[in-house]
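Look at how the side chains are arranged in the model below. The paragraphs that follow go through the charge-ring contacts, the aromatic pairs and the nonpolar cores.

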Amino acid sequence: MMKQFKEWNINPYALTKVSLVMLEEMVTRKEKWDQYKKAKDHWSLFTLLSLGLFLLFGAQVIRSVGGAIGPNLLSILVGNVFLLLLILLFAVGLVQVKLFTKKVTKAEDEFESLRIECIDRSSELWEEDQGWKYRDDVFTYMKKNHDVNLYYK
């Protein structure tokens with residue numbers, strides 16, 4: 001990660017070792033959060049599709065049997081392997097969406113706590129930068145390249 005900051009040609013006074021470690025960790029946490037959000041979105045779509053297919057084929061199966069609603073409905077659903085598979089896929093999708101929702105929330109909390117800590121400690125992380133010249137360069141870089149806003153909470 002430090003390679004990214006070196007390639008950007010940041011002034012050596014712009015980053016202390018502590019601020020560099022914090023920024024690297026912040027970028028890592030942001031990437032982790034984005035990965036979990038993307039995975040949650042994919043599983044949500046999968047779950048929605050499996051539910052849609054279940055409703056579509058379930059309605060066709062019930063219509064083909066003659067619209068039997070009641071005790072026969074369960075035997076019809078259990079008797080059709082494809083519908084059972086769709087129910088199973090839907091259940092797996094729901095579990096995964098719930099799991100990734102928890103992971104997204106945790107990753108967001110970890111990222112936000114570090115981001116807020118960096119904002120709160122910015123005066124001590126950049127002690128030599130009283131005019132905000134280097135800090136502004138780093139903050140702009142973080143916002144532009146990593147979508148991390150360090151200007152305000």
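Over which ring does the charged end of Lys37 sit? That ring is Trp33, with the charged end 4.3 Å from its centre. Here a charge sits over a ring if NZ of Lys or CZ of Arg is within 6 Å of the ring centre and within 35 degrees of the ring normal. Lys30 lies over the face of Phe111, 5.7 Å from the ring centre. The model is predicted: local features need pLDDT of at least 70, side-chain atom pairs count only at pLDDT 80 or more, and totals for chains, interfaces and linings use all residues. Residues are numbered from 1 along each chain as its sequence is written, and side-chain values use heavy atoms, with hydrogens and water left out.

Rings of Phe, Tyr and Trp (its six-membered ring) pair if their centres lie within 6.5 Å; planes under 30 degrees apart count as stacked, over 60 as edge-to-face and the rest as tilted. The count by this rule is 5 aromatic pairs. Phe57 and Phe82 form an edge-to-face pair because their ring centres are 5.0 Å apart and their planes stand at 85°. Phe57 lies in helix 2 (residues 17-65) and Phe82 in helix 4 (residues 81-120), so the pair ties together parts that are 25 residues apart in sequence; helices are DSSP runs (H or I, at least four residues), numbered from the N terminus.

The largest nonpolar core has 21 residues, a core being a set of buried (under 20% relative accessible area, 1.4 Å probe, protein chains only) Ala, Val, Leu, Ile, Met, Phe, Trp, Tyr and Cys residues joined through side-chain atoms within 4.5 Å. Helix 2, helix 4 and helix 6 (133-146) each give two or more residues to this core.

Note on methods:
Buried < 20%, exposed > 50% of the residue type's maximum accessible area, 1.4 Å probe, protein only.
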